[in-house]
Amino acid sequence: MAGNDRNMPPELNPEAALRWLIDMGADEAIADAPIDRFAAPPPAQQPTPQLAEASAPAPHAVSQTAPSRPAVAASPDLVAPAQGAADASSAASAAETLDALRDAVAAFEGCALKFTATNTVFSDGHADSAVMFVGEAPGVEEDRQGKPFVGASGKLLDQMLAPIGLARDEHGEKGAYISNILFWRPPGNRSPTTAEIAACMPFIRRHIELAAPKVLVYLGGTAAKTMLDRAEGIMRLRGKWYEHYSPGLDAPIPAIATFHPAYLLRQPGQKRESWCDLLNLRSKLDEIINKN
Ligand code: URA
């Protein structure tokens with residue numbers, strides 16, 4: 001950048017403008033061509049005589065002209081939320097194996113996030129693991145690699161699991177199987193919308209049925225509130241045992257919520273509480289293992 005550009009007011013400095021956009025979370029191009037939202041809208045088309053008759057407002061009706069919307073490259077705006085959840089439900093229940101479920105998720109087009117993501121992020125670790133961790137949604141690194149929790153928070157998660165004898169490359173009692181409630185990265189890491197979560201819920205519920213872990217761990221507020229169907233935040237939900245019910249399970253699965261590792265990276269002072277939750281998880285696992 002030329003030196004004199006730095007002296008420009010920020011609104012005229014392209015580098016500063018770009019940095020501001022990235023800081024605001026607008027770090028993805030979602031259409032092939034930029035949209036000039038300051039351009040004057042095209043003049044309204046004159047309706048054809050038949051249409052004019054059919055759409056003529058009643059004598060005292062207020063005319064409501066919908067603002068013209070620019071076309072978007074893919075079809076995210078065309079995904080009706082209720083339809084997305086209904087399609088997910090039938091695709092998820094038709095999947096009899098985890099491989100079939102992975103294929104069904106990859107083929108699913110009912111969640112708008114799919115159209116801005118690079119990869120579908122299904123799971124990591126071995127599905128025969130005793131513990132299944134459920135996070136929120138892939139971040140930038142997960143989106144790039146197509147695997148959950150491989151960025152900075154994933155590294156912390158691995159470090160948290162090791163002292164309680166769990167690892168994602170292990171099987172069975174020592175294994176940690178990892179997924180998210182959403183399979184695609186929300187652009188700019190924004191929070192997922194209710195409609196996006198609803199569209200993916202049947203898949204994560206089926207995922208749990210097919211993996212059938214001995215214990216579930218919900219990582220962070222969004223995963224905890226969604227999976228527990230509760231309104232409280234993670235401060236209230238964490239550290240307690242719940243039961244996850246589902247028609248396809250032989251028995252309910254004990255579930256605990258704890259802080260998301262990304263939160264712990266920002267608030268390391270909360271690691272103490274997190275460690276208590278991990279010890280609680282270890283005791284529950286030992287109890288279940290010793291009973292069998
Ligand atoms: N945060 C999540 O919730 N999930 C991931 O996979 C990565 C970061």
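At what angle do the axes of helix α8 and helix α9 cross, and within what distance do they come? Before I answer, two remarks on the basis of this talk. The model is predicted, so local features need pLDDT of at least 70 and side-chain atom pairs count only at pLDDT 80 or more, while totals for chains, interfaces and linings use all residues. Residues are numbered from 1 along each chain as its sequence is written, and side-chain values use heavy atoms, with hydrogens and water left out.

Let me begin with the chain as a whole. Its secondary structure comes to twelve helices and five strands; helices (H or I, at least four residues) and strands (E, at least two) are DSSP runs, numbered from the N terminus. Of the 292 residues in the chain, 39% are buried, where buried means under 20% relative accessible area, exposed over 50%, and partly exposed in between, with a 1.4 Å probe and protein chains only.

I return to the opening question. The axes of α8 (residues 194-211) and α9 (residues 221-228) come within 11 Å and cross at roughly 75°. Axes are lines fitted to C-alpha atoms, for helices over the stretch in contact, and angles run from 0 to 180 degrees between N-to-C directions. That makes α8 roughly perpendicular to α9, a term that covers angles of 65 to 115 degrees. On the α8 side, the contact (heavy atoms within 4.5 Å) is made by Ile 197, Met 201, Ile 204 and Ile 208, and on the α9 side by Thr 222, Thr 226 and Met 227. By class, five of these residues are nonpolar, two are polar and none is charged. Ala, Val, Leu, Ile, Met, Phe, Trp, Tyr, Cys and Pro count as nonpolar, Asp, Glu, Lys and Arg as charged, and the others, Gly among them, as polar.

My last topic is Gly 125. Where in the chain does Gly 125 have its place? Gly 125 is in the loop between α5 (98-107) and β1 (131-135). Its relative accessibility is 24%, so Gly 125 counts as partly exposed. Leaving aside residues up to four places away in sequence, Gly 125 touches Arg 168, Ala 176 and Tyr 177. Between Gly 125 and Ser 179 there are 9.0 Å in space, C-alpha to C-alpha, although they are 54 residues apart in sequence. For the chain overall, residues 24 or more positions apart account for 73% of the contacts with a separation of 6 or more.

Notes:
Parallel < 35°, antiparallel > 145°, perpendicular 65-115°, else oblique.
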